[in-house]
Amino acid sequence: MIRITTSTILLSAFSYAQNIYPVSGVVKDRDTGELISGAVIKIKEKSEINVQSNEYGFYSLSLPEGDYTLLISYSNRKNDSKEIHLHETIKIDWDLIKEETLIEEVQLKKNKTVVSTRSKTGGEILDVEGISKLPVLLGEKDILKTIQYLPGISSQEGRSGFSVRGGSPDQNLMLVDEAPVFNNSHLLGFFSTFNSDALRNVTVYKGNIPSQYGGRLSSVVDVKMKEGNNQTYNVSGGLGLVSSRLSVEGPIQKGKSSFIISGRRTYADLFIPPQNGSKIKLNFYDLNAKANFQINKNNSIHLSSYFGKDVLAFEEFNNDWGNTAATLRWNSIISSKLFSNTSLIYSNYGYKTTVQNNNDEFVEIKPNIRNIGIKQDFTHYVGLKHTLRYGLQTSQYFFSTRDLPEAITSSFLRNNRTMWENALYINDDYKPNDKLFINYGLRASLFSSNRKNMDNIGNDFNKSYFNIEPRIVVGYNFNENNTLTLGYNRNTQNIYTLNSLNGALNNDLWMDVRKPQIADQMNVGFTKKFKGGYELSTDVFYKKMSNLVDYKDGAEINILDNIEQNLAYNGKGRAYGLEIMAKKTTGKLTGWFSYTLSKTQRQNDEINNGGWYNATYDRTHNLSLVANYQLSPKWTLSGAFVYATGNAMTYPGAKYVIDGRSYLQYGERNGGRIPASHRLDINATYEPKTDKRFKSSWSFGIYNVYGRHNPYSISFEGNQGIVRPKQTSFVSWVPNITYNFKF
């Protein structure tokens, strides 16, 4: 007879618990010391177990006592393995080796080119190295232009920002090392804010946004800068027709600390002839700088910064704008299961513009938005089935207009405003078995604004609002080649931008909301992988929005007026669509095809007689075709074709004259469209044989090969009572030659 007592059960449970040991460590690049996020660590003896290194290169898993073989893999790195006898808590760091370039023709057929991979929660992880040979304007590899080739994402030529699933550009959260960036483009949208030479990786979320992110309705673009090579000094850069760039990186103390400084400068205005005897200024510069210090094996300090400025001036018109962002970050491995990231964040966006007042005089105004915040984030590897992500965020916004002339009386411009955002969040990555995964979380956000009640627009601005934002995504792997995902997200947004109604040039004016904007999004996705490196993914989404802001019907907007009187609040929105993406990732010919069929509408009782109308960024069709062909070990050819339905726009139906002054009478809100946009870009990259230390390449390309005059803005002219639209196009075809180097 066997007697089982309470003490026996407790002793057995205690013994079992003692036989589970964690394995943790950090994944780095062997040659540079750069942290590697997204590396997959598997257990050979337990194929159902795998974990990924987080965005700071840390990983952790727990196993019963025994002998195991750990396997690790990452794109463009050699696979590695280590055998262990697990009988205590151990730390295993990995130094991955970059795969050497294959040079034999027969080997070229086995090459693998991955520009983007999809995470299990639906985020697109872009390979910064993989985009280097794609065709872009003026020879600059550009991470944001590559993003716009993905389904569900579109932009208008010559415009800053982009639209995600029918949202406006201000509904995208742009982060560079956790600091928000309020304007994400240079040179009227032809260059992105981010210099790709300084970037480590980029992750894009269109739906299924994890709970650690908040503050925007449509998407998150999370950009991580390089840490800098802590082994050797490197210099890289490029010389182009209208821009040049240079990066320097190296160790401060070899193996323990490093830095990187990367800068760009354009000189396009040197080639623009004077107009009407006046010189045109059109240029930008930006600078990325970062340093990190390894205090000990478990603690490190990281300081990163970004500075950028654009200048556009002609005669009386004087416009410049710029971003500043900085982050001080402390990473700490508290235990083998708990990772901490503490960040102090600063961001500033300001611009100067010349506008005409009612007396036809030109005056200069300088709107500004500034953000200061702190973030505490924990990653907790609870066990084999659960990984928790939790923390808090708090930030304060300051809205102001600096050095305002006394003649301007607008209370909107004169009164400075402040706003607080606070959030608590928790997220659980749960893997009950090798087929099912569930990522669910909750974000609790608190928003409060402090401003005077201006122009009788109501007292809602001085209230506080609390919102609960649930997030969940469920995925099921039928097998290694077929995956189904279902997701639901709620997001809130407390700031927004105003821009022009007619598409004329205008910088974004950031404002605090009257009530938090809210979006609920549901999506279903399916991914199938085929032999030969082929992959097909489809997504269906529906998004419902509330508390949106738009201009009232008939509003004539002048930033010098008290413009909030011309706004309609408490609007609604809806967006739905189908996204398809087909990829080929191996062989001499690689690339992808993406297509989006979608609809986006708005409704407000004060607009369009209360009926639903097309949103400005409603585009029925959006198509991209990208191809990359490895012609030889030295030559790579690439091309990209894009097509998109034109944005919705309000057209006038009649013109009338009162007291000698002409007026246009507009029809249904956004009842018309600007013409469709399409273009073909091609590029050829030549990489001569170089020694191990010095590498170089030449890039030759043409942007908009067949010279399509895509619409930049639409204006209207009247003659004998008939109103005709007039299209303005920004560029035709643009050639580029760029010399790139690294040593």
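**Nonpolar cores, a surface patch and aromatic pairs**

In this predicted model, the largest nonpolar core has 38 residues, and among them Ile 369 and Ile 495 touch the most other members. A nonpolar core here is a set of buried Ala, Val, Leu, Ile, Met, Phe, Trp, Tyr and Cys residues joined through side-chain atoms within 4.5 Å, where buried means under 20% relative accessible area, exposed over 50% and partly exposed in between, with a 1.4 Å probe and protein chains only. Residues are numbered from 1 along each chain as its sequence is written. Because the model is predicted, local features need pLDDT of at least 70 and side-chain atom pairs count only at pLDDT 80 or more, while totals for chains, interfaces and linings use all residues; side-chain values use heavy atoms, without hydrogens and water.

- Beyond its neighbours within four places in sequence, Ile 495 is in contact (heavy atoms within 4.5 Å) with residues including Phe 182, Ile 369, Tyr 397, Trp 510 and Val 513.
- A second, separate core of 30 residues includes Tyr 149, Ala 179, Trp 592 and Val 642.

**Surface patch**

- Leu 241, Leu 589, Tyr 629, Leu 631, Trp 635, Leu 637, Trp 698, Phe 700 and Ile 737 make a nonpolar surface patch of about 750 Å², to which β38 (635-644) and β44 (695-703) each give two or more residues.
- Leu 241 lies in the loop between β19 (234-239) and β20 (243-253), and Leu 241 counts as partly exposed because its relative accessibility is 42%.

**Aromatic pairs**

- The whole structure holds 21 aromatic pairs, that is, rings of Phe, Tyr and Trp (its six-membered ring) with centres within 6.5 Å, counted as stacked with planes under 30 degrees apart, edge-to-face over 60 and tilted for the rest.
- Phe 182 and Tyr 397 form an edge-to-face pair, because their ring centres are 6.4 Å apart and their planes stand at 70°; the two residues are 215 residues apart in the chain, and both are buried.
- Trp 698 and Tyr 739 form a tilted pair, because their centres are 4.8 Å apart with planes at 45°, and this pair links strand β44 to strand β47 (residues 734-742).
- Ring pairs also link a cluster that includes Trp 635, Trp 698, Phe 700 and Tyr 739.

Methods:
Patch = residues over 30% accessible without salt bridge, like charges linked within 9 Å, V, L, I, M, F, W, Y side chains within 5 Å. Areas by Shrake-Rupley, 256 points an atom, 1.4 Å probe, with all protein chains shown as cover. Salt bridge = Lys/Arg side-chain N within 4 Å of Asp/Glu carboxyl O. Helix = DSSP H or I, 4+ residues; strand = E, 2+ residues; numbered from the N terminus.
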